Amino acid sequence: MNRRDLLVSVGAGAGWLIAGAALGGCRARPREPASKAAVDPPPVLESWLERWLAAFNDPDLGVYKRFVETLAPTVRPYVDDDLAVREITGGFELLSSQVTGPQEITAWVKDHAWDRRSKVVLTASGPDKLDDIAFAGAPAEGTIQRLDQASALAAVKTKLGEAARAGRFNGAVLIARGEQVLFSAGHGSANDERALPVTTSTRFCIGSMGKVFTAVAIMQLVEQGRLGLSDPLARHLPDYANRSLAERVTVEQLLTHTGGTGDIFGPQYDANAGALETTADLVRFYGAREPLFEPGSRWGYSNYGFVLLGAILERVTGKPYEAVFHERIFGPAGMPATSQAFASSRATAMPYTGAGATGRKALAPYEGLPAGGGYSTVEDLQAFVVALRRGALVSAATLAAMTAPRVVAGTSHWGLGLAVRTRNGETYYGHGGSAPGVNGDLAIYRDYATVVLCNRGHPAALTAAEFIGARLPVG
């Protein structure tokens, strides 16, 4: 996932191999060091915001490309991601703005095509250069009128159809109440080359949504007394390279992203990716490094923390973590289409980036890790929700512990491996996932559950998930 996805992972679910939060086992967009050059007072920043918004909203996508190439060259590698956001959102309406630093202005915006609110942070080095453009989640102002069930489902069907025809939605959606599926639909292309349409059985990369499987498997071992939440990492990985860290960070801190264990993506990963294919590879490669902060002192989304949880799973069970998933989760829940591998022989969606018919580009498929990046369908994820609620995977008491807010993270809370958030005043738990060409959202409300999977990047699934979640009736 790029850096703007890492920012929104708090509000939409986070990263996988990194969101909002993923924010989905996706790689973070590196932030360029801010220039030391003096910046004029706020009027210059306000001018930058006006110029950027005009370019971003221009119907000619080439205008924004030229803006970035000329005035924000450090953002050039991510221009396709920005254009995808432009296409999905339909552009932005400016709600308000505020100078948030000597070189920084933050704008709160609303999608033209959806109800979603978000914010954009521009960092300038003067009147002739933008150093950075970052997108982040933001809580919606005010409320959206909730509908009765039939009206909400009709509104969703209409909206998704309109968005698909406009090129703003490419994916699958499922809405359930309890164990009853009320609505499901697929829109767009899963694989352009094979002319494969999206259906509710299409397999998508789910990004960091896969972290929920790692969390459930860990909590199953806790229930069995084979693990303790207060266990230090060193108890289960006694050969861990940084012994001091291993003695301080606990299983609970890894689950709640408070261990300070950081990410796995970045220049080091890119330079050694061919040798970093397994959990053991990653632990050997990153095991000696120091934490980003003292374990337990604060929250910081960590893909590597879930890699470590996967390593604990393997050490305690004596089996590869994938086998643990199949034996303890996918099999009991009835999830035959879910796995860590891409599986080109099956109806699996390719990830795409870019915007417009001529700008759409296929990316190389991802492979899963304990931090996410595996593959599933909306149907399988509904089966997971049913099994979770029935107590077929963990006990009701354990699920309650997993979904109890423990740690504040921006406008969200985290439980044990699950995010706890609100939409239009209604609390839900679940997880999101995001990477280039990947966006997903799993939300489990009191009565309803919604699953949205897309083979486009953020916020392709989030826009639809928020539209749905804001309209379903409460209670």
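In the predicted model described here, strand β14 (residues 412-414) and strand β15 (residues 419-423) are joined in the antiparallel sense over two bridges, where two strands count as paired if DSSP finds at least two bridges between them. Within this pair, His413 has Val420 of β15 as its bridge partner. Helices (H or I, at least four residues) and strands (E, at least two) are DSSP runs, numbered from the N terminus. Residues are numbered from 1 along each chain as its sequence is written, and side-chain values use heavy atoms, with hydrogens and water left out. Since the model is predicted, local features need pLDDT of at least 70 and side-chain atom pairs count only at pLDDT 80 or more, whereas totals for chains, interfaces and linings use all residues.

Both β14 and β15 belong to an open sheet of eight strands, which has the order β6-β5-β18-β17-β16-β15-β14-β13 and antiparallel pairing. The edges are taken by β6 (180-187) and β13 (407-409), each of which has a single partner strand, so one side of each is left without a neighbour in the sheet. From one strand to the next, the twist averages 25°; axes are lines fitted to C-alpha atoms, for helices over the stretch in contact, and angles run from 0 to 180 degrees between N-to-C directions. Helix α5 (residues 149-165) lies across β5 (171-177), β6 and β18 (448-454), and runs at about 10° to β6.

Within this sheet, strand β17 (residues 438-444) has seven of its seven residues buried, so it is largely enclosed by the rest of the structure; buried means under 20% relative accessible area, exposed over 50%, and partly exposed in between, with a 1.4 Å probe and protein chains only. In a regular strand the side chains alternate between the two faces of the sheet. For β17 both faces are covered, with Val438, Gly440, Leu442 and Ile444 buried on one side and Asn439, Asp441 and Ala443 buried on the other. The hairpin of β16 and β17 has two residues between the strands, and in it Gly437 takes a positive phi near 80°. A hairpin is also formed by β17 and β18, with three residues between them; these strands pair in the antiparallel sense over six bridges, and the bridge partner of Gly440 in β18 is Leu453.

A separate region of the fold contains an open sheet of four strands in the order β1-β2-β3-β4, again with antiparallel pairing. Here β1 (92-101) and β4 (129-137) stand at the edges with a single partner strand each, so one side of each is left without a neighbour in the sheet. Eight bridges join β1 to strand β2 (residues 104-111) in the antiparallel sense, and Ser96 stands opposite Trp108 in β2.

Notes
Contact means heavy atoms within 4.5 Å.
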